[in-house]
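Biologist: Can you walk me through this structure? Keep it short, please.

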Amino acid sequence: MALATALPAAGCGTADDSPGKPKAGASTVEGFPVTVDNCGVRTTYDKPPSRVVTIHQHPAELLLALGLKDRMAGTAFPDSAVLPELRKDFAAVPELAKREPSFETVLDAEPDFVYGGYGSAFAENEGRSRKAFAEAGIDTYLNREYCGKKRVTMRDTYDEIRTIGDVFGVPDRASALVADLRGRVDKAVSAVGKRPDVPVFVYDSGEKTAFTAGGKGLGNDLIDLAGGRNVFAGLDDVFGDVSWEQVVARKPEAVMVYDYAGSGSVEQKKRFLLSQPALADVPAIRNKRFVVLPLTATLVGIRSAYAVDGLARGLHPESFR
């Protein structure tokens, strides 16, 4: 896995004794060039991107949180309510599509940079490969969570923010944002203290089987930080199907319901779980103990820090009275 870590490349210099005259090909922008290795693609930026298209909501929110609204030429695939403090800015960004836009739609926005949240942002079979964008002269970046082959933690969120801050020439803003998010997480972790972990079953969707969160995704780390224990942490993947018999055997004391467009409402999911006779004696179902989390809060982006606080309050309400 090639981590998307910003590495300072060659600095500014002069080609001769004339002061202030840059070398041929060197950047004249302070802090640049910046070289980034991202999911196997190495890109050198001589200046910050100026027209950005984001595919999926969490990259858009990250850019807005860094104060980069003026550089956003479009976004696509909103899948949950926007964070209140970002709603006004988000509404000002042109929406290119309800789901992933076509390659041609992205080109029409005339971006110099495309930031994808899920791997599907650059689906080769839909003509949106990173190679296709590169051939069109457009740089790309994929959220590091989809580089694969490793367990994702909150550290990846902080690293993602810093990398994007470097690419866009706003490292100080990125550092301040990381400090704020880290402070939120530390406060929630401190509040929970050493209380016993609550066994948690993540319910994404599914009826014949349960589609749940495994041990590789960021959601697993969020549960740990919030004073919980993912009962399917041993599942060696971000998501996977498990049987209802397995759910019963693990006796979860809380159900974390993922909320996102296209998967059925939270109330529908709760009604389904509560209506299943086989689950009646599961502690979480018997006590109707549900914690709801937007799926976007479990992704590498700014919401994950907020999620730790919300989860901690749901799992250990006594710690916040």
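Modeller: Let's start with a term. A disulfide here is a pair of cysteine sulfur atoms within 2.5 Å. In general, a disulfide is a covalent bond between the sulfur atoms of two cysteines. Now the ground rules. This is a predicted model: local features need pLDDT of at least 70, side-chain atom pairs count only at pLDDT 80 or more, and totals for chains, interfaces and linings use all residues. Residues are numbered from 1 along each chain as its sequence is written, and side-chain values use heavy atoms, with hydrogens and water left out.

Biologist: Okay. How many disulfides does a search of the whole structure find?

Modeller: The search finds one. Cys39 is joined to Cys147, with 1.8 Å from S to S. The link of Cys39 and Cys147 is left-handed, at -75 degrees about the S-S bond.

Biologist: Where do Cys39 and Cys147 lie?

Modeller: Both are in loops. Cys39 lies between β2 (34-38) and β3 (41-45), and Cys147 between β8 and α5, so the pair ties together parts 108 residues apart in sequence. Helices (H or I, at least four residues) and strands (E, at least two) are DSSP runs, numbered from the N terminus.

Biologist: Is Cys147 buried or exposed?

Modeller: Cys147 is buried, with a relative accessible area of 18%. Buried means under 20% relative accessible area, exposed over 50%, and partly exposed in between (1.4 Å probe, protein chains only). Cys39 has 23% relative accessibility, so Cys39 counts as partly exposed.

Biologist: New topic. How many salt bridges does the count come to?

Modeller: The count comes to 14. A salt bridge is a side-chain nitrogen of Lys or Arg within 4 Å of a carboxyl oxygen of Asp or Glu.

Biologist: Give me one. Which residue pairs with Asp37?

Modeller: Arg42 does. The closest N and O atoms of Asp37 and Arg42 are 2.7 Å apart. Arg42 is exposed, at 56% relative accessible area.

Biologist: And which residue does Arg303 meet?

Modeller: Arg303 meets Glu61 in a salt bridge, 2.7 Å from N to O. Arg303 lies in helix α11 (residues 303-315) and Glu61 in helix α1, so the pair ties together parts 242 residues apart in sequence. Arg303 and Glu61 are both buried.

Biologist: What about Glu160? Which residue is its salt-bridge partner?

Modeller: Arg144, with the closest N and O atoms 2.9 Å apart. This pair links distant parts of the chain, 16 residues apart: Glu160 is in helix α5 (residues 154-167), and Arg144 is in the loop between β8 (139-142) and α5. Glu160 is buried, at 0% relative accessible area. Arg144 counts as buried too, at 2% relative accessibility. There is also a network: salt bridges that share partners join Arg155, Asp159 and Arg162.

Biologist: Let's go back to α1. Is His58 buried or exposed?

Modeller: His58 has 4% relative accessibility, so His58 counts as buried. His58 sits in helix α1 (residues 57-65).

Biologist: Which residues does His58 touch?

Modeller: Leaving out residues up to four places away in sequence, His58 touches Gly117, Tyr118, Asn143, Leu299 and Val300. Contact means heavy atoms within 4.5 Å. A polar atom of the His58 side chain lies 3.3 Å from the backbone oxygen of Gly117.

Biologist: Now sheets. What is the order of the five strands in the open sheet?

Modeller: The order is β6-β5-β4-β7-β8, and the pairing is parallel. Two strands pair if DSSP finds at least two bridges between them. The edge strands are β6 (95-97) and β8, and each pairs on one side only.

Biologist: How many bridges join β7 to β8?

Modeller: Four bridges join strand β7 (residues 113-116) to β8. Gly116 has Leu142 in β8 as its bridge partner.

Biologist: And what order does the open sheet of four strands have?

Modeller: That order is β11-β9-β13-β14, again with parallel pairing. Its edge strands are β11 (228-230) and β14 (290-294).

Biologist: Last one. How many bridges join β9 to β11?

Modeller: Three bridges join strand β9 (residues 198-203) to β11. Val198 has Gly228 in β11 as its bridge partner.

Methods
Polar contact = N/O pair within 3.5 Å; in protein donor to acceptor, adjacent residues only side chain to side chain.
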